[in-house]
Structure formats: structure tokens, C-alpha cells
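The sequence and structure come first.

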Number of protein chains: 2
Amino acid sequence: MKKYIWGVDVGGTTIKIGLFYSDGELISKYEIPTRTENEGKFILSDICDSITTNMSNHDIAKEDTIGVGLALPGPVDAIGVITGAVNLNWGVFNVVEEMERLIGIPVAAGNDANAAALGEMWQGASRGYLDSVMLTLGTGIGGGIVSGGEMLLGHKGSAGELGHIRVRDDETKRCSCGNFGCVEQYASATGVVNLAKEILENEPDVKSIIRKENLTAKDVFDGAKTGDELATKTVYKFGFYLGKAIGITVSILAPEVVVIGGGVSKAGNIILEALDKTYIESTFHACKDVPVVLATLGNDGGIYGAARMVLNKARD
Amino acid sequence: MKKYIWGVDVGGTTIKIGLFYSDGELISKYEIPTRTENEGKFILSDICDSITTNMSNHDIAKEDTIGVGLALPGPVDAIGVITGAVNLNWGVFNVVEEMERLIGIPVAAGNDANAAALGEMWQGASRGYLDSVMLTLGTGIGGGIVSGGEMLLGHKGSAGELGHIRVRDDETKRCSCGNFGCVEQYASATGVVNLAKEILENEPDVKSIIRKENLTAKDVFDGAKTGDELATKTVYKFGFYLGKAIGITVSILAPEVVVIGGGVSKAGNIILEALDKTYIESTFHACKDVPVVLATLGNDGGIYGAARMVLNKARD
């Protein structure tokens with residue numbers, strides 16, 4: 001008989017919960033709100049209550065459940081201690097121990113960007129590979145590294161800050177992290193818009209029909225697809241910085257594949273075309289053939305990865 | 001009774017062989033020449049003969065020997081397949097299988113730059129840490145990554161090409177790897193000299209007493225220590241590019257410590273002082289306190305790391 005796994009992706013406003021068969025098939029998924037009040041003390045018990053109720057409703061016995069995986073918005077170390085999950089108002093504590101105490105079945109936990117990388121490796125774009133890297137291009141840029149089929153954690157679970165790879169030396173505006181010239185400043189949704197604004201400042205006469213107050217990254221990519229000059233110049237710069245960051249990452253880690261996900265990646269192949277030249281130029285020769293592909297699990301990457309963490313932990 | 005381990009560092013001209021106790025104590029070390037003729041077919045049997053003779057001379061029984069570790073000048077994958085060891089004239093083959101067949105005791109093998117990182121973690125500058133990064137600044141720059149106490153291999157053992165992190169966009173000269181702007185072009189022994197020459201070309205009137213035909217990296221660091229203007233400017237640029245490469249690496253991997261070794265590192269603390277500012281500026285905030293230290297094992301890092309590989313393999 002197939003066993004069950006729960007994959008939970010905890011965000012600042014919504015908790016996404018997926019029920020999986022252990023072979024990776026997603027049976028059902030739903031969302032509950034994230035209650036961040038009182039230092040987020042209800043979050044784990046809300047997840048526990050929801051899963052317990054569901055198991056009861058679907059006649060799923062604890063013995064048939066391998067465990068619960070949690071993808072969390074902060075670094076999680078090898079034993080389950082989370083730090084810096086500011087979106088949940090959490091302090092520092094062992095989230096695995098606490099959740100196992102509440103729910104009474106095995107729990108695994110990891111950072112959500114790492115989880116997305118693991119999810120894509122299990123059932124998505126990097127399926128079948130053991131060494132992969134994923135960049136999630138959203139409002140910011142998240143990074144996840146899978147090495148030998150396992151999430152690469154680094155000290156205190158802090159590895160994979162791919163959004164903060166320094167790619168430009170003459171930047172005068174600060175990144176949200178406090179540094180200057182991080183790739184997040186050019187290749188996130190916010191970054192694309194900022195690049196367009198910078199080009200407009202330097203070249204006020206550039207031809208463009210996308211010149212507007214609330215310009216979005218989608219406007220820029222849509223514009224580039226129709227040959228808009230401002231949009232095309234912006235996408236070129238986006239590709240230069242993103243390609244460089246990925247080339248550097250690949251030279252350091254030698255993965256088998258790089259996956260690009262997140263809202264910005266919905267623009268499609270134009271992303272891959274934009275980064276390709278600089279990616280190849282910035283990658284060590286032994287790795288120049290490492291493919292860069294688009295994610296396929298969309299917003300479900302986190303629940304897939306969370307479920308896969310449970311399998312990895314059970315195998316250890 | 002203590003057990004024995006052999007650590008072997010195979011270079012293009014010399015093979016260094018160390019006999020260790022399993023607790024990490026180096027009992028003795030010596031060198032034999034590397035015979036690279038006939039596609040390097042004598043190399044493994046020379047090592048085998050040397051070790052076998054030594055075991056016999058010192059009354060070391062096979063049962064008291066945990067194994068032999070090989071640090072090799074090329075990428076080695078998880079099962080022991082080596083590729084691209086051009087200095088040994090080797091093709092692609094499983095070096096672990098072949099050596100075990102010859103010597104009849106367990107064999108472990110890995111890349112020499114990774115081995116040096118592992119050796120420093122075992123008995124050197126990064127002792128006691130599980131996550132570390134090492135850069136070996138020699139004629140070129142080698143890189144090694146230790147993650148969770150194990151060498152990070154990447155696909156086909158190609159991870160850790162830290163010398164080929166792109167740190168400069170306007171470079172017009174090619175790196176030995178074929179790319180432009182790799183940190184090896186500025187922070188290796190050759191790179192330091194090239195930086196000095198570039199400064200001399202751009203500022204022919206710069207004050208300097210180190211202006212000479214066969215300028216070496218040592219001349220530059222010695223000059224900087226006495227305040228020589230050309231040398232000081234060169235070391236500043238050296239530190240900028242090296243600090244940036246290390247900051248990027250630390251942001252991606254979140255190690256606990258970074259170790260700098262190789263001939264250039266003999267210049268001492270001036271190396272660390274030169275890179276510090278740009279290192280901090282280029283590192284993600286969670287990792288800005290990761291220390292950068294000088295290696296302590298010198299040229300023995302490879303044999304220590306090779307020996308440690310045997311222990312890691314025995315524990316798996």
C-alpha cells in the first residue's frame with residue numbers, strides 16, 4: 001500500500017498544505033491563513049490541527065503517514081533550528097522538535113527556497129538530477145542548492161543566498177540586504193523595473209510605449225517580445241547580470257542543471273535567451289554545457305520540496 | 001592500538017607520501033618522482049611499490065592500515081573516476097578501483113584542491129569546523145569546498161573552481177581557462193605580477209623600486225610592506241578582486257571559515273588585510289562574520305587531506 005506524506009509551505013500570509021503519495025503524486029492541496037499574531041505561536045498548531053482533521057476525514061492512519069515536511073521562510077539548520085523567519089514573527093527555536101511534539105509523527109523542515117529546489121528535483125524541471133541549483137525570481141531572488149540529492153545547508157542553514165551575489169561594482173543604491181550591486185537589484189521583479197527606470201534616466205529619449213507610472217516586470221518582458229526599445233535594453237541588462245550570477249554559481253558548485261522559477265520566470269524562454277550569452281561567458285569551461293531551464297511546478301514547488309524532505313530524512 | 005593511514009599527494013613532477021596515525025598525527029613523509037611517461041601508467045604502481053616496501057620495512061600489517069588516500073590533480077567523482085588529469089597524462093578511469101586492485105587495501109581519492117581543504121579542516125587552520133572553503137593561491141588558484149565534513153564534489157567532481165569566479169567585466173586578456181575576468185587573473189602569483197604590469201602601463205610614472213624585468217608576487221608583497229607605491233596599488237587591487245570572489249563564495253555556501261593557502265599566502269597577514277574591506281562589502285549580511293584565515297599545513301595539506309578522505313570513506 002502507498003504511504004502518505006504532507007508537504008507544507010509556510011508563507012507570511014498563507015500556509016499551503018499538500019497531501020502526497022510517497023511516489024511523488026500530489027493527491028490534494030489547499031490553503032489556510034497564516035496567523036502571525038502573538039509571535040506566530042498559532043502557526044504550528046494551526047498546521048497540526050488542519051492535518052489531523054484531514055487525516056481523520058480521509059481515514060489516513062498515522063502508521064500510513066511517513067511524516068510532515070515544512071518549507072519555511074528563513075534559514076533552518078540540520079537539526080531543525082530556524083532563525084530569522086521575520087515574516088512569521090518567530091524567534092529562534094527547533095521547529096522540528098516542536099512540531100513532532102504537537103503532531104506525533106516524524107517532521108522534517110527546511111528553508112523554502114531550498115525546498116523549491118528539492119521539489120523541482122523530485123517532480124519538476126530538474127527531475128532525475130542529484131546536483132542542481134534553483135533561483136526563484138520574485139519580488140526578491142531566493143536561491144536553493146541541491147547537492148547529492150540533499151539540500152545544501154551551510155552553517156546554520158544559511159547557504160544559497162544566490163540573490164545577493166555581487167554582480168556590479170558601480171552601484172550607488174543599496175540592496176535590501178544593505179550591500180551594493182547584488183543580482184537581486186537587477187533580476188528580481190523589482191530589479192527589472194529599476195533597471196528600466198535607470199535606462200530612462202540615462203537615455204530619456206529612448207523609444208518606448210511601456211513608459212508609465214506603475215511599470216511592472218511583466219510590462220518589460222511583454223514589451224521586449226514586441227521589440228520595444230526600452231524593454232529590449234532592459235531585458236539585455238537583466239540577462240547580463242542574471243547570466244553572470246548563474247555562471248559564477250555553476251563554476252563554484254558544478255551542478256547538473258540550473259532551474260529558474262518564481263513570478264518573473266512566467267515570461268518564459270525570453271529569460272533564458274537573455275541570460276545565455278553572459279552565462280556561457282561567465283562559466284568555467286568544464287560546466288559550460290550545464291543547462292538552464294524553467295521551473296515546472298510553479299507555486300507548488302515548496303509543498304513538493306517539503307514532502308521530499310520527509311523522504312530524505314526517512315532514508316538517512 | 002593506533003591504526004595507520006597513507007596520504008598521497010600526486011603532482012606533475014613529485015609524489016608526496018605521508019604515513020599518519022588515524023588520529024591525524026603525521027609519522028613520516030617523503031617524496032618520489034612522478035613518472036608521467038607512457039600515459040602515466042607507472043604512477044599508481046610506483047605508489048603501490050613504495051607504500052608496500054615501507055609497510056614491510058616498518059612492520060606495518062595490512063590489518064592495521066585503514067587505507068590509502070590519493071589527492072590528484074584533476075576532478076574525481078564520487079565513485080573514483082578521474083577526468084582531465086593532464087599533468088599526469090592520464091585518461092579517464094576509475095582510479096580507486098585500479099589502486100585497490102594493485103594494493104589490496106581500501107583506497108579513497110579526490111581532487112588535490114579539495115584534499116587541501118579537507119586536510120586543513122582535519123589538522124590545520126579550519127580544524128573543528130564542518131563547513132569550510134579553501135583557496136590555494138599558487139601559479140593559478142585552486143579551490144576546495146568542505147560541506148558537512150565532506151568534500152563537495154559537484155557533477156563529475158568538478159565543483160570548487162573558485163579561481164574562475166568572474167570578478168571583472170572589462171578584461172581584454174584571456175584567462176588560461178578561456179574566459180575573461182577570472183579572479184585567477186588578479187590574485188594568483190601570475191595575476192599579481194600582471195596587475196602590477198597593468199598599473200605600470202596605465203601610470204608609467206608611478207614611484208617604485210620594484211620595477212624590474214622578472215618581477216615576482218613576492219617582490220610585490222615585500223614592496224607593499226615597505227610602502228612602495230606601485231606595490232601598494234597592486235596589493236589593493238589584488239585584495240579587491242580576491243575579497244569579492246571570497247565574498248561571493250561565502251554568500252553562496254555559508255561556510256564557517258575560509259582558508260587561504262598556496263605560495264602567495266606566505267606573504268602573510270597583508271593578504272588578509274588587503275581583501276578584508278571588499279570581502280565584507282561583497283558578503284551577505286548573515287555571513288559577514290565568517291573569518292578568513294591563513295592555511296597552516298603548507299605543502300602538506302594534500303597528504304593530510306588524502307589521509308582524511310580514507311577516514312571519511314571508512315565512516316560512510
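## Cysteines

B:Cys48 is buried, at a relative accessible area of 7%; buried means under 20% relative accessible area, exposed over 50% and partly exposed in between, with a 1.4 Å probe and protein chains only. A:Cys287 is also buried, at 3% relative accessibility.

Over all chains, the search of the whole structure finds zero disulfides, a disulfide being a pair of cysteine sulfur atoms within 2.5 Å. A:Cys287 is in no disulfide, and the nearest cysteine sulfur, that of B:Cys177, lies 11 Å away.

## Basis of the model

This is a predicted model, in which local features need pLDDT of at least 70 and side-chain atom pairs pLDDT 80 or more, while totals for chains, interfaces and linings use all residues. Residues are numbered from 1 along each chain as its sequence is written, chains are lettered from A and ligands numbered from 1 in the order in which they are written, and side-chain values use heavy atoms, without hydrogens and water.

## Nonpolar core

The largest nonpolar core has 104 residues, and A:Phe238, A:Leu242, B:Phe238 and B:Leu242 have the most contacts inside it. Such a core is a set of buried Ala, Val, Leu, Ile, Met, Phe, Trp, Tyr and Cys residues joined through side-chain atoms within 4.5 Å.

## Chain symmetry

Chain B can be laid on chain A by a turn of 180° and a shift of 0.0 Å along the axis, with an RMSD of 0.0 Å; the least-squares superposition uses C-alpha atoms of residues with pLDDT of at least 70 in both copies. The two copies are therefore related as by a two-fold rotation axis.
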